[in-house]
Amino acid sequence: MKRVLTDKEIQHLYWRAGFGITYHELIKMRGLSKQKIVAHIFAKSTNEQLLELDLKMLEKGDKKMSKVEKNTIQKLHNEKLLELNQLWFMQMKTTEGVLRERMTLFFQNHFSVRMRHATYMKDLHNRIRKNALGNFGELLLEVSKTPAMLRFLNAKQNRKGQPNENFAREVMELFTLGRDNGYTEKDIKEAARAFTGWGFNKQGQFVFKEKHHDFDNKTILGSTGNFDGEAVIKLLLKEKQTAHYLSIKLYKYLVNDTPNPEHVKSMANAFYSSGYNIKTWLESVFMSDWFYDKQHIGVKIKSPVDLITGLSRQFDVHFNKSKVLIYLQRQLNQMLFYPPNVAGWLGGTHWIDNSTLMIRLKLSSVILNGGMIDTSLKEDMPENIMMQGQNSKAKKYGIQKQVDASVDWQVVLVMVQDLDKEILTNFFIQPQLSITAQQLIKESVHLDHKNFIVKLLSLPEYQLC
């Protein structure tokens, strides 16, 4: 018998496979089997929807540029990177293909590159996006040959007789096997020799420079041969440790920050036996029974992108100033196309510190209601840090001065006007409520739907999904 998911389980699936679900969408999913809902999510994400942005003005001519010209070009790169950032956010906000966005975000962080070159970053992003639900081996090879990755990890310095180990180290440590898992320093040195000769031309196309390649035999992971870079990638994919390492990472991303060894093992087996088919890998999670266990619902801290995107999709938020999105990402420490380092964002509790927590708790009120929120709270309640003033008059915080957003409350309220406060609470809040939150909600039942919803979204529990 096919299992029918509960409302809470549907919401759980949509938060992990996407960025939440509207109440209208939830109604349409009710009564459908797990198989049909998962199939629907995959079907909607078939389209690749590559980011499109004209970057011809960044193409450099043959002439040697002056310092002023170089500075002008770099400024343009910076501006276009911000445009790419905003384009990606709008795609996450508006697309029906949420699973492709979710996995593009996962792999963009997995293959973490930071450089101020809009053309290369756009190319890297679109290659990831194209393969995000395809085959990991193909994705790994494509990403490895991008000018962004080759430049970021010093491919030009990797030549016969003078190997540079940067890429070989990261492809083992971060992209496949995981740190200190089944490889040695000698393997890294030998693999670096295999990747010699990899580069790209002025058009950003991959080129193999034979005169820079080391054609002598190498011994890597116990195998000896005249290996080139592609052969090394194949050797790494043959190792079951690669599927295991990636499954731990995906489990933390989609399920729980504390991996269950048996669940990870089943994911890794499905991934490896399918030849690294990402769709099969994801199905091993979403089609399992354990994914919907209560212990996994409402336990993950939303990333800044999840938080902003979820709010924007749920309430059709329009930011009246384009750079507001950049401001919020900077304040919350997750800037699209600008990861902290080659290891990417760590996630989990790393999203929270004294500064970001305060902003997070203010965010819903600031975006949805101009910072206005009821202040009938006890002084010892943590929520009180975001609710100051008297008679519902909020003080102006720095974030309020920066955020200029509009919300179509009429559409939202028409959708939920007949719902009682308990149903609203269960819809907007994923985790179990604390005693403090329960008391706050009990004291707020007299509020109209709009202010009650703002109150709910200002609870610490809304930071979890």
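## Aromatic pairs

Rings of Phe, Tyr and Trp (its six-membered ring) are taken as a pair if their centres lie within 6.5 Å; planes under 30 degrees apart count as stacked, over 60 as edge-to-face and the rest as tilted. By this rule the count is 26 aromatic pairs. In the pair of Phe89 and Phe319, the ring centres are 6.3 Å apart and the planes stand at 65°, so the pair is edge-to-face. This pair links distant parts of the chain, with Phe89 in helix 4 and Phe319 in strand 5 (residues 318-319), 230 residues apart. Helices (H or I, at least four residues) and strands (E, at least two) are DSSP runs, numbered from the N terminus.

## Basis of the model

This is a predicted model, in which local features need pLDDT of at least 70 and side-chain atom pairs count only at pLDDT 80 or more, while totals for chains, interfaces and linings use all residues. Residues are numbered from 1 along each chain as its sequence is written, and side-chain values use heavy atoms, with hydrogens and water left out.

## Largest pocket

The largest pocket holds about 1,100 Å³ of space. A pocket is an open set of points on a 1 Å grid over the protein atoms alone, where a 1.4 Å probe fits, with protein on both sides within 12 Å along at least five of seven lines; lining residues have an atom within 4 Å of a point. The volume is the space filled by probe spheres set on the points, which are joined across faces, edges and corners.

Of the 35 residues that line the largest pocket, Leu58, Lys60, His117, Tyr120 and Lys202 are the closest to its centre. Helix 4 (67-94), helix 6 (118-131) and helix 8 (147-152) are the elements that give two or more residues to this lining, and helix 6 gives the most, with 6 residues. The lining divides into 10 nonpolar, 11 polar and 14 charged residues. Here Ala, Val, Leu, Ile, Met, Phe, Trp, Tyr, Cys and Pro count as nonpolar, Asp, Glu, Lys and Arg as charged, and the others, Gly among them, as polar.

## Second largest pocket

About 870 Å³ of space lies in the second largest pocket. Its lining has 31 residues, of which Asn109, Lys249, Trp345, Leu346 and Gly347 lie nearest the centre. At least two lining residues each come from helix 1 (7-17), helix 5 (98-110) and helix 12 (240-254). By class, the lining of the second largest pocket comprises 13 nonpolar, 8 polar and 10 charged residues.
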